[in-house]
Structures are given as structure tokens and as C-alpha cells.
Amino acid sequence: MAKKQTAGRDNLGRLAPKFAQLNDDVLFGEVWSREEELSLRDRSLATIAALFSAGLYPQLKSHLVLGKEHGVTRQEAVELVTQLAFYCGWPKAWSTFPLIQEVYGEDSGETNRPTGLSAFPVGEKNDSFAQYFIGQSYLAPLSTQQVPVFNVTFEPGCRNNWHIHHASSGGGQMLICVSGRGWYQEWGQEARQLHPGDVVNIPAGVKHWHGAAQDSWFQHLAIEVPGTEARTEWCEPVDEEQYSSLCSRLL
Ligand code: MN
């Protein structure tokens, strides 16, 4: 879901309060938010194309940032600009690639990642949740409508902290393992080893963690089960010694 837009009020609230209100509440609040009609990712691609065509680079950069949040990968942004260059002008592509470089950074980590982990996209580094993970993970939104589905990729040794998916009714999470080897553990229970094809049903309110084996990449789809007042509570990291002993038992 689109996060609440405040860029208008943040930047123009004093100079142009009406414009700021229209920007935040109407353009983003009422038009961009119609995800059933057109996804955020598609809206981003269309907006990036429009701004590219007009050569509005500061706005274009802001929308490359937003597009990244909406699941547009670096590779897709590069591909889009390559095609648009033929329709809108070669020099515009020259001006836009450095913006993509700035937005996505020098190193996407793709170089040391095995190819063909699964048919699903790996996405970008999972920076927004990095504080709740040990090691590097990647996040690709597969569906942002109806039931939200994300592909989560863990590098070897990467796992998330203990956490709880809370909800007053419904809620919880499902994991569908698609690649590599990993672990799932509920508080007070033995860890369960995970392989492609395994499905994990995590009820709301159960403290747990999931992640890769120490010597293997791991990839699961995370399905956020709809619930009322759903939120995730992040707790302590998995004990290092306990995690290492899991992995030695595996070998
Ligand atoms: Mn979870």
C-alpha cells in the first residue's frame, strides 16, 4: 500500500498550502491510491516515462526513488530508459542514467548472488527492515493488492530477529519456500529445516524467526494474511550460539 504522501506539505506547505494539500491529499491520496485500477508499480513506470519525456530531471529523480519503493528494480529502470531513449531523445537517457546510479547505488549485490534462485524476482536490498535482520536480505514485492505477497531472499547465514505478527482477528503469515535451505523456529520449539516446496503457517501472536541455513542461500514467499489491527512486533536477535549449533547439526 502507498504510504501517506507528505512531500507537498513538507516542501511547499508554507509557500503554496493549497497546492501542497492537492498534491498530498488528492493526487497521492485519491489518484495514486487507486491500486485496484492500476498498481503503484505501473503508475510509477508511467510517471517516470512522462517526466523523462518532459526532461524534468529533479522530479524524475524523486519518482525513480518512489518507483524503487514500488518494486521497480534497477535493471527495469535501465531497460525503461533504454527504450524511452528511442521515443524521447538520446541525450535524455544520458542525463537519466546517472540518476538511476544515484538512486540504486553503485553495488546492487547482484554480482555474488547465484543466478536462477527461482522464477521470482529478487528485488532490492531489504534496507527498510535491515535493522531487524542479521546479514543481507532482499525484498521483492510480488503483489501489493488483494493479498500482499513478497519474495524474501536471504544470503547464507542471514535470518530475521524473533518477531510476532499480531492481529486482533485473522492475521499471521504464511511462508512458501521456493529456493535453497533455511530454518523456521517458534519460541520454545525445535527449529524446522525448510526446503523448496515447504509451506509454513504462522498463526498471529506466535513468536518466531525465519532465515537461511549458514551455508545456503534461501528464498521464501511471505504472504501477509489479512487481519484486523495487524502489526509486527520485532524482538531480540536469534542467539548466535543457538543458530550456529543448528547449522552444525545440519552438517
Ligand atoms: Mn514472520
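Me: Which residues coordinate the manganese ion, and at what distances?
Reply: In this predicted model, the manganese ion is held by side-chain atoms of five residues listed here with their donor atoms: His 163 (NE2), His 165 (NE2), Gln 173 (OE1), His 208 (NE2) and His 210 (NE2). The distances are 2.2 to 2.3 Å.

Me: What spacing do the donors of the manganese ion follow along the chain?
Reply: The donors include His 163, His 165 and Gln 173, with His 208 and His 210 also among them. Written along the chain, their spacing is H-x1-H-x7-Q-x34-H-x1-H.

Me: How many residues apart in sequence are the parts that His 165 and His 208 tie together?
Reply: His 165 lies in strand β6 (residues 163-166), while His 208 lies in strand β12 (residues 207-212). Both His 165 and His 208 are donors to the manganese ion, so the pair ties together parts of the chain that are apart in sequence by 43 residues.

Me: Are His 165 and His 208 buried or exposed?
Reply: The cut-off for buried is under 20% relative accessible area, and for exposed over 50%. By this cut-off, His 165 and His 208 are both buried.

Me: Which strands are the edge strands of the six-stranded open sheet?
Reply: The sheet has the order β1-β3-β4-β13-β8-β11, with antiparallel pairing. An edge strand pairs on one side only, and this holds for β1 (124-125) and β11 (199-202).

Me: Which residue in β11 stands opposite Leu 175?
Reply: Strand β8 (residues 173-180) runs antiparallel to β11, and four bridges join them. Opposite Leu 175 stands Val 200.

Me: Why does Thr 153 count as buried?
Reply: Thr 153 is found in strand β4 (residues 149-154). Among the residues it touches are Leu 117, Tyr 138, Trp 217 and Phe 218. Buried requires a value under 20%, and Thr 153 counts as buried because its relative accessibility is 0%.

Me: Which residue's side chain is joined to that of Thr 153 by a polar contact of 2.7 Å?
Reply: Thr 153 touches Gln 136 and Gln 219, among others. The polar contact of 2.7 Å joins the side chain of Thr 153 to that of Gln 219.

Me: Which elements give two or more residues to the largest nonpolar core?
Reply: This core has 16 residues, and those touching the most other members are Phe 52, Leu 60, Leu 64, Ile 100 and Tyr 104. Leu 64, for one, touches Ile 48, Leu 99 and Val 103, among others. The elements giving two or more residues are α3 (40-54), α4 (57-69), α5 (74-88) and α6 (90-104).

How values were computed
Residues are numbered from 1 along each chain as its sequence is written. This is a predicted model: local features need pLDDT of at least 70, side-chain atom pairs count only at pLDDT 80 or more; totals for chains, interfaces and linings use all residues. Side-chain values use heavy atoms; hydrogens and water are left out. Buried means under 20% relative accessible area, exposed over 50%, partly exposed in between (1.4 Å probe, protein chains only). Contact means heavy atoms within 4.5 Å. A polar contact is a pair of N or O atoms within 3.5 Å; within protein, one must be able to donate a hydrogen and the other to accept it, and residues adjacent in sequence count only if both atoms are side-chain atoms. Donors are N, O and S atoms within 2.8 Å of the metal (3.2 Å for Na, K and Ca); water is not among the atoms, so sites may look incomplete. Two strands pair if DSSP finds at least two bridges between them. A nonpolar core is a set of buried Ala, Val, Leu, Ile, Met, Phe, Trp, Tyr and Cys residues joined through side-chain atoms within 4.5 Å. Lists of a residue's contacts leave out its neighbours within four places in sequence.
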